[in-house]
Amino acid sequence: MPALWIAHVTVTDAEAYGKYAELAGPAIAAHGGSFVARGGRYVQLEGKERPRNVVAKFPSVEAAVECYNSDAYQEALNHARDASERELLVVETTE
């Protein structure tokens with residue numbers, strides 16, 4: 001079943017985070033992921049507000065986790081670690 005990769009992010013260093021975004025996109029695409037939402041308008045109804053929200057759709061939970069653990073994504077993530085506060089989860093969809 002397909003899965004959604006959902007990230008909630010507060011960027012603290014725009015330059016370094018930009019490098020993350022530049023590298024993360026191709027890593028996600030290489031694992032069958034495609035962006036559904038990427039930093040668009042949102043309304044925070046509950047929980048901690050994060051001004052950047054990203055949703056990518058993957059063929060499966062396994063594909064999303066494989067992407068996260070890939071060398072290419074980990075290289076990208078090295079740029080985000082000190083440049084943002086973030087939560088990331090993968091959830092299986094019903095469609």
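**Close-ups of a predicted protein chain**

**View 1. Arg-50 and Glu-87 pair up.** Glu-87 and Arg-50 form a salt bridge, with their closest N and O atoms 2.7 Å apart. Here a salt bridge means a side-chain nitrogen of Lys or Arg within 4 Å of a carboxyl oxygen of Asp or Glu. Glu-87 sits in strand S4 and Arg-50 in the loop between S2 and S3, so this pair ties together parts that are 37 residues apart in sequence. Strands (E, at least two residues) and helices (H or I, at least four) are DSSP runs, numbered from the N terminus. Glu-87 counts as partly exposed, at 37% relative accessibility. For that label, buried is under 20% relative accessible area, exposed is over 50%, and partly exposed is in between (1.4 Å probe, protein chains only).

A quick note on what you're looking at: this is a predicted model, where local features need pLDDT of at least 70 and side-chain atom pairs count only at pLDDT 80 or more, while totals for chains, interfaces and linings use all residues. Residues are numbered from 1 along each chain as its sequence is written, and side-chain values use heavy atoms, leaving out hydrogens and water.

**View 2. Glu-85 meets Arg-50 too.** The side chains of Glu-85 and Arg-50 make a salt bridge at 3.0 Å, N to O. This pair links distant parts of the chain, 35 residues apart: Glu-85 is in strand S4 (residues 84-92), and Arg-50 is in the loop between strand S2 (34-38) and strand S3 (52-58). How exposed or buried are the two partners? Glu-85 is partly exposed, with a relative accessible area of 39%, whereas Arg-50 is buried, at 5%. Back with Glu-87, which bonds to Arg-50 at 2.7 Å: salt bridges that share partners join Arg-50, Glu-85 and Glu-87 into one network.

View 3. Glu-22 and Lys-19 meet through their side chains in a salt bridge, 3.5 Å from N to O. They are 3 residues apart in helix H1 (residues 14-30), which means about one helical turn separates them. Glu-22 counts as exposed, at 52% relative accessibility; Lys-19 is partly exposed, with a relative accessible area of 32%. The count of salt bridges comes to 3.

**View 4. Phe-35 and its neighbours.** Phe-35 has its place in strand S2 and is partly exposed, at 31% relative accessibility. Which residues does Phe-35 touch, not counting those up to four places away in sequence? Phe-35 touches Gly-25, Ile-28, Val-54, Val-55 and Ala-56, a contact being heavy atoms within 4.5 Å. Leu-4 is 31 residues from Phe-35 in sequence, and their C-alpha atoms are 9.5 Å apart in space.

**View 5. Stepping back to the chain.** The protein chain has 3 helices and 4 strands, running β-α-β-β-α-α-β from the N terminus on. Along its principal axes, the C-alpha trace spans about 35 × 35 × 15 Å. Of the chain's 95 residues, 35% count as buried. Among contacts with a separation of 6 or more, 74% are between residues 24 or more positions apart.
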